[in-house]
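This report is meant for a reader who is new to the structure shown below.

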Amino acid sequence: MSWEVLIGVIRRALTSSAIAALTSPRTVDHYLEQLHPMLTVDLVRARVVGVYRETSDSSTVLLRPNRAWRGFTAGQHVQFGIEVDGVRRIRCFSVSSSAANARRSFTVSVKAHPDGYVSQFLHRRLSLGTLVHLSQAEGEFVLPQPVPDPLLLLSGGSGSTPVMSMLRTLRDTGHRGRVVFLHYARSRDEEMFADELDQIAITMPNARVHRIYTRSPVPGSPLSGRITVDHLAYLDVDPTNTLTYVCGPAGFIAAVSRIYATHGDIAMLHTEYFKVPAVDPAAADMTGTVTFADSEVTVDNSGATILVQAEAAGLAPRFGCRMGICNTCAVRKHHGAVRHVVSGEVSAATNETIRICTHTPIGDVNLAL
């Protein structure tokens, strides 16, 4: 019997109902972790085996997961839990590596934001061998199968991470369709993966890799400034029939959405935000009170997101990405109306589950928090 087959037999035995009954009310992983932190059946753990500086404020972290890891599809993200100063912090990061090697190791690439406690730790203090608590890969920002021809991968700033995973995967799996990779950064010094993108532009003949540096443009570059429909036309991208995946800040995605709504087909556009828009609430939204029923706390509605208002009230709700992706902050809204900060959609359904990082209250709202 091979080692892999033996491991499979052991795992099936450990997940049986008989073992569950023996370990109840705890799980088998609770006891396995006492033997070794990486020895689990369901809980994903990983060791940091590499930390690589991408730019002055961004790094790539190479992770080797345990056997509970089921791999990922290019474009997905993970909830990343790490002990920082004795407290486990959970954040949401996109996977940046190729899915062709998804089971053995993978990377996340993170920009250290000035107010990002965890991202700053990863960039400046993370050490080899650190234990990381992970979720399974999540998210629907993934390519269809088969991959269409043509395809546009579009990003701004650190939004390049999930689409870079897509590009690397297409390269490593021998994709032969036409791919355009268009990225906007302030300068080459602030661009992640710059050297590798140079190589892909040379070695992947079916891919057209183009980068636009908005503050330090390359002399003689045919394109400059922020995205316009003319940029797409120059790269022979037709927004009426080109499946497009875009990730970046809210303003960038809004500009791309306007182009597709006006000059193309908005149904061809798939979006992923790495930062939600700043809230600028209407005066009508800033009325009433927000009641956190489980905490017996009621505050005047400031118009900020519910997560921000909860934190201002001294509460500590769970959250991960703060951008409406990971679902960590989801809570039940008993009643009241809320507005989604990205789509603007208003919902007033009772007993619905909402993500408090991307919803603002309208008038009186009552939540199970």
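A disulfide is counted here as a pair of cysteine sulfur atoms within 2.5 Å. By that criterion, a search of the whole structure finds zero disulfides. C329 is in no disulfide, and the nearest cysteine sulfur, which belongs to C357, is 3.7 Å away. C329 is buried, with a relative accessible area of 5%, where buried means under 20% relative accessible area, exposed means over 50%, and partly exposed lies in between (1.4 Å probe, protein chains only). C247 also counts as buried, at 2% relative accessibility.

The model is predicted, so that local features need a pLDDT of at least 70 and side-chain atom pairs count only at pLDDT 80 or more, whereas totals for chains, interfaces and linings use all residues. Residues are numbered from 1 along each chain as its sequence is written, and side-chain values use heavy atoms, with hydrogens and water left out.

**Overall make-up**

The protein has nine helices and 17 strands, which are DSSP runs numbered from the N terminus (helices are H or I with at least four residues, strands are E with at least two). Of its 369 residues, 49% are buried. Among contacts (heavy atoms within 4.5 Å) with a separation of 6 or more, 65% are between residues 24 or more positions apart.

**Strand β3 and its partners**

Strand β3 covers residues 77-84, and because seven of its eight residues are buried, this strand is largely enclosed by the rest of the structure. Two strands are said to pair if DSSP finds at least two bridges between them. β3 pairs with strand β4 (residues 87-94) in the antiparallel sense over eight bridges, and G81 stands opposite I90 in β4. The hairpin of β3 and β4 has two residues between the strands, and in this hairpin D85 takes a positive phi near 55°. β3 is also joined to strand β6 (residues 131-134) by two bridges, again antiparallel, with F80 opposite L134 in β6.

**Salt bridges**

Side chains of opposite charge can pair when their charged atoms come close. A salt bridge is taken as a side-chain nitrogen of Lys or Arg within 4 Å of a carboxyl oxygen of Asp or Glu, and the whole structure holds 11 of them. The table lists some of these pairs.

| Salt bridge | Closest N to O distance |
|---|---|
| R178 and D149 | 2.9 Å |
| R168 and E196 | 2.5 Å |

R168 is buried, with a relative accessible area of 10%, whereas E196 counts as partly exposed at 23%. R188 lies in the loop between β8 and α6 and D198 in helix α6, so their pair ties together parts 10 residues apart in sequence. Both partners are partly exposed, R188 with a relative accessible area of 32% and D198 at 28%. R188 and D198 also belong to a network of salt bridges that links them with E191, D195 and R211.
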